[in-house]
Amino acid sequence: MCETRRNPWHPVDRGFGLNWYFVASLFLGLHFVNGDVSYSIPEELKRGSVIGNIGKDLGLGTTMSSRKARIDTEGTGKRYCDINLSTGDLIVVDRIDREALCGKKASCVLKEELLLENPLELHRISLHVNDINDNSPQFSEDLISFEIRESAVKGARFSLTEAHDADIGTNTVQSYTLQRNEHFTINVDTESAGRKRSELVLVKELDREREKEIQLLLTAVDGGSPQRSGTVVIHVTVLDANDNVPVFGRAVYRASLPENSPLDTVVVTVSATDADEGPNGEVTYNFDHVSDEHVSLFSIDHKTGEIKVIGSIDYETQQSHELRIRAKDGAGLTSYSTVIIDITDVNDNPPVINLKSLTNPIPENVPPGTEVGIINVQDRDSDNNRQVRCSIQQNVPFNLVPSIKNYYSLVTMGQLDRELVSDYNITVTATDEGSPPLSSSKSVQLSVADVNDNPPVFEEQSYSAYVTENNKPGSTLCSVTARDPDWRQNGTVIYSLLPGEVNGAPVSSFVSVNGDTGVIHAVRSFDYEQFRSFKVHVMARDNGSPPLSSNVTVSVFITDVNDNSPQILYPAPEGNSFMTELVPKAAHGGSLVSKVIAVDADSGQNAWLSYHIVKSTDPGLFTIGLHSGEIRTQRDISESDSTKQNLIVSVKDNGQPSLSATCAMYLLISDNLAEVPELKDMSHDENNSKLTSYLIIALVSVSTFFLTFIIIILGVRFCRRRKPRLLFDGAVAIPSAYLPPNYADVDGTGTLRSTYNYDAYLTTGSRTSDFKFVTSYNDNTLPADQTLRKSPADFAEVFGDGGSPEVGIGLNWLLPP
């Protein structure tokens, strides 16, 4: 062990002064023993005085502030010093009076503790308080009276009341002086305990007739620097002889007294006898210069010497009391005895729980074993009565770990989750080992701070939205909702669309999402016929740091609206072609004549088509299949029926409201084209208009290509005379399997059935007029041997060689594959 002595007090630098005798006796002793430190200081230092730099002495450097260094006091908890965290100086914060703290004890030590956190560290500080001469000697009486008989011989001794000095050592009473006189002198003896006992010694006989009373001044002087003194007046009355002093039965009385003894409890009885008779033998008892504290605790019966309890006896305040008892006879002769009262401890103090440090709130992601608080438990009792067990309830994820001395660390022992429990009320219970045991409790409130550890969670795994086509832009499709159990900004959810494409276009051009509410809106109008469904991905992100997110798929289904009219594929709409069907005269009832082919871009019932003949030349001759569109004869064709039959067919869908389209069907009842000389009149005037256009173009070009044009015309006409107009010359076949996109071949819906095949043939000169024969597997279809056969000469007879429109008749009978 090493010892370093230094003097840290500098009155000029520190801004305070000490008396010169304080400075002369002031010193500092620093001792390091297993991390402990001790200082020696004089009592009565001014507040703010620096005791020493404990930061440097313990090698703590500049970490004191960050480690929450603080001074803790054992026992009563009254703190006499504190620490300056910025400088590390240990300073005085309250008056230190050695006499009040330790009384007459030779050694006066204040116990302090320096507590640091992170990690928990404890250093014991011992402050040795040195006595200074701040108390003057005092006598317990203002007047000492003696009655001395004039017969007293020289050398007679009379004990004097002892002067008391609260200081110790050399600062207590060192000598007595008596006022100069002719009769008395003073004799001072030093007892084994260092106490000065004085006696009045008669050096010259008294003469009552000359002097009945004598006044003397007795002065007690201590050994301090400068010296302090106290005086008392001695009054001597000259009487007849009293030659016996009271004698105590014991020089020292000892008694044991439990603390908290009730009032008027008899502690001990002192007794002194005097051999004299009469008033000279009557003994009275008194306390001789006891402190005010003792006077408030004990009383003595002046006649019997019985000492009783009159105040509250507390072991924790003082473990023993020493009383000086004076016995005095009627003549003033006195003797002294000492009463020592030992106080025994009773388990009357429950443990005191002090919360020294607490981290509040604590993050929910702290690992198990994290220290969140420091608890100190004190019990003022002694021995087993001060042994303490400390615990907390079992239903919290915390534990008390014994640390240094009577300190405990409150640590986490499990993973915290603010979303499950956000606040904890921890009850700390301390129980001592006394009989009966005493306990106390303290509640510690702990809050758990939120950490962004939960991503938003959607209420559903996926969402579906249904919207009818032709919706208005900005209409609401659906709403997505995500919950985040975190707190405040960690639980605030923001919605957004993840990048993606729908049919090659950014998803943001189709839908948008409200970032606050999660409501999804349509950005534009949808068309069921373009696409029937698409998927978007919505992200829910919180506002934590770092942010957490989750995604959900929203499937948008577009429902069909009846917004498309049926489209007739065959026959071609009016104005584009002139389609004529040839019906044999021998056709029986129920024979298939032709078929109207139509489709609808809508779906479901909106695409269910029905066919109706709204107008016909002979209403009872032909009928049409409601769902197939097949035109059949209702009866056998008769001679009276008109050769030319015109049908207006309406095709309706099943939507609400229903949409429709119409077409014209031209039927020619004949077995021989020669029977129909008026056929050329069935052509449209459109031929004339187109020929006129060609003539205009020819006339415009004639000036440039006149000769070439004449040659071409002559060549063409020459070829026509040499080569008959074949029925199938230059025929163009329309593929029977042709269907517009997005249409399906569904039986009974108006689309082509696989059991039918339609071929159209156009001659090079037919231009806009067409004929069509239909073949079928139906039994009512005309057999192959009844097929019309015509040569080019037959057509020439009907139409002639002029520029009238030519008619091509296609006969294509299909056999089952």
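1. Let me begin with Leu714, which counts as exposed because its relative accessibility is 53%, and the cut-off for exposed is over 50%. Please keep in mind throughout that this is a predicted model. Leu714 sits in helix α6, which covers residues 686–722.

2. Now for the chain as a whole. The secondary structure comes to 7 helices and 56 strands. The chain has 817 residues, and 44% of them are buried. Its accessible surface is about 41700 Å², with carbon and sulfur atoms accounting for 51% of that area. If you take the contacts between residues at least 6 apart in sequence, 69% of them join residues at least 24 apart.

3. Which cysteines does the disulfide join? Cys102 is joined to Cys108, with an S to S distance of 2.0 Å. As a reminder, a disulfide is a covalent bond between the sulfur atoms of two cysteines. The link of Cys102 and Cys108 is right-handed, with 65° about the S-S bond. Both Cys102 and Cys108 are buried. The count for the model comes to 1 disulfide.

4. Two further cysteines deserve a line each. Cys81 is buried, because its relative accessible area is 1%. Cys390 has a relative accessible area of 16% and is therefore buried as well, given that buried means under 20%.

5. Next, the strands around β34. Strand β34 (residues 423–432) pairs with β31 in the antiparallel sense, over 5 bridges. Within this pairing, Ile392 stands opposite Val428 of β34. β34 also pairs with strand β35 (residues 439–449), again in the antiparallel sense, and here there are 9 bridges. Ala430 has Ser440 in β35 as its bridge partner. β34 and β35 form a hairpin, with 6 residues between them. If you follow the side chains by eye, recall that in a regular strand they alternate between the two faces of the sheet.

6. Is Val396 buried or exposed? Val396 is buried, because its relative accessible area is 7%. Its place is the loop between β31 (388–392) and β32 (398–402). Leaving aside neighbours within four places in sequence, Val396 is in contact with Met413 and Tyr424. Val396 and Leu416 are 20 residues apart in sequence, and their C-alpha atoms are 10.0 Å apart in space.

7. Some backbone details are worth a check by eye. Most residues other than glycine have a negative phi, and most peptide bonds are trans. Asn470 has a positive phi of about 65°, although it is not a glycine. Asn470 is found in the loop between β37 (462–468) and β38 (476–479). With 42% relative accessibility, Asn470 counts as partly exposed.

8. Asn503 is another residue other than glycine with a positive phi, in this case near 55°. Asn503 is found in the loop between β41 (501–502) and β42 (505–506). Asn503 is exposed, because its relative accessible area is 60%.

9. Where are the cis peptide bonds to look at? One runs from Asn118 to Pro119, with omega near 0°. Pro119 lies in the loop between β8 (109–116) and β9 (121–130). Another cis peptide bond runs from Gln656 to Pro657, also with omega near 0°. Pro657 lies in the loop between β54 (644–652) and β55 (660–669).

Conventions: Residues are numbered from 1 along each chain as its sequence is written. This is a predicted model: local features need pLDDT of at least 70, side-chain atom pairs count only at pLDDT 80 or more; totals for chains, interfaces and linings use all residues. Side-chain values use heavy atoms; hydrogens and water are left out. Helices (H or I, at least four residues) and strands (E, at least two) are DSSP runs, numbered from the N terminus. Buried means under 20% relative accessible area, exposed over 50%, partly exposed in between (1.4 Å probe, protein chains only). Contact means heavy atoms within 4.5 Å. Accessible areas come from the Shrake-Rupley method with a 1.4 Å probe; for residues, only the protein chains shown count as cover. A disulfide is a pair of cysteine sulfur atoms within 2.5 Å. Two strands pair if DSSP finds at least two bridges between them.
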